[in-house]
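Let's take a walk through a protein model together.

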Amino acid sequence: MCRWVAYLGSPIFLEDFVSRPSQSLVAQSLHCHEAKMQVNADGFGLAWYGERQRPGVFRDIRPAWSDENLLSIAHQIRSRLFMAHVRASPGTATTRANCHPFVVEHRLFMHNGQVPGWEKLRRRVESSIPDALFQHRAGTTDSEALFLLMLANGLADDPRQAAATTLAFVEDEMQRAGITEPLKMTAAMSDGENLTVIRYSTDANPPTLYTKTCCPAGGTLVVSEPLDNIRDGWTAVPAQSFVTVSQTGVDIVPFTPRSFTQDPSQAQAPPLKKARVRAETAS
């Protein structure tokens, strides 16, 4: 399982959470505490919002702990909203295109977990992504496909509904393919203003997720696991939750994809909304 960090608040240097803490994201890439795979060595990525609408992105296939460029960038860049991710591949290739976060225009997405039986499902899921969005498909991961399908299902208008529609569709396809292993995920998305986060699995035992209010920055952290060994101030996000982080605080509500769909048993493909994405190449 991968590890990730997301932050929204007053501008801070990325290294304050990516590389400096005792159990920073870089430290977790070498030895994490709350995942089956302790080492996350299959690439890393940073994405941050600055003075322009589109975020900056830096991704590479080296382990995070061995990349001096990552440490230098984290030391120099200050941002009010950023995401960082270290990857443990479930089987897809270790390439830059498969490293998180993924970006389409001004939107970001990163993911921890997996869609089981992905090779059986990939063709069906990818065929449901409209052409205007499929041109942004650069890699082969289930994560990127989920992001594009959520965009197609109205992520810009209603992130919770878009995520629910997408996951209900994927669960239907898993059932048709006879896949019984659980789908597990924590995912973070942003439009440059807010963070939206999901902690969900089909077996009610999703990967861990925590939030924390940061002082003196006054912002909010959302992480796969705490960045220190003290654990004070960290709040565990309940399983099956949808989290919205804004400048005014954190809102956590229950999230069960089936409760959003009118008749999941009849879903042959997700009810795609008109994609609000221009025809251009992603960063």
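How many bridges join strand E7 to strand E8? There are seven, and the two strands, residues 184–190 and residues 195–201, run antiparallel. Keep in mind as you look that this is a predicted model.

Six strands make up an open sheet, in the order E5-E6-E7-E8-E12-E13, with antiparallel pairing. Strand E5 (102–104) and strand E13 (249–254) stand at the edges with a single partner strand each, so one side of each has no neighbour in the sheet. On average, neighbouring strands here are turned by 15 degrees against each other, direction ignored. As a general point, strands of a sheet pair through backbone hydrogen bonds.

Helices meet this sheet too. H6 packs on it, touching E5, E6, E7 and E8, and its direction makes about 130 degrees with that of E6. Helix H7 (residues 159–176) lies across E7, E8, E12 and E13, at about 30 degrees to E8.

Finally, look at the aromatic rings, which form six pairs. Tyr-7 and Phe-17 make a tilted pair, 5.6 Å centre to centre with 45 degrees between the planes. Tyr-7 lies in strand E1 and Phe-17 in helix H1, so the pair ties together parts that are ten residues apart in sequence. Both residues, Tyr-7 and Phe-17, are buried. Phe-109 and Phe-147 are stacked instead, at 5.2 Å and 10 degrees. This pair links strand E6 with helix H6, 38 residues apart, and both Phe-109 and Phe-147 are buried.

Key. Residues are numbered from 1 along each chain as its sequence is written. This is a predicted model: local features need pLDDT of at least 70, side-chain atom pairs count only at pLDDT 80 or more; totals for chains, interfaces and linings use all residues. Side-chain values use heavy atoms; hydrogens and water are left out. Rings of Phe, Tyr and Trp (its six-membered ring) pair if their centres lie within 6.5 Å; planes under 30 degrees apart count as stacked, over 60 as edge-to-face and the rest as tilted. Helices (H or I, at least four residues) and strands (E, at least two) are DSSP runs, numbered from the N terminus. Buried means under 20% relative accessible area, exposed over 50%, partly exposed in between (1.4 Å probe, protein chains only). Two strands pair if DSSP finds at least two bridges between them. Axes are lines fitted to C-alpha atoms, for helices over the stretch in contact, and angles run from 0 to 180 degrees between N-to-C directions. Contact means heavy atoms within 4.5 Å.
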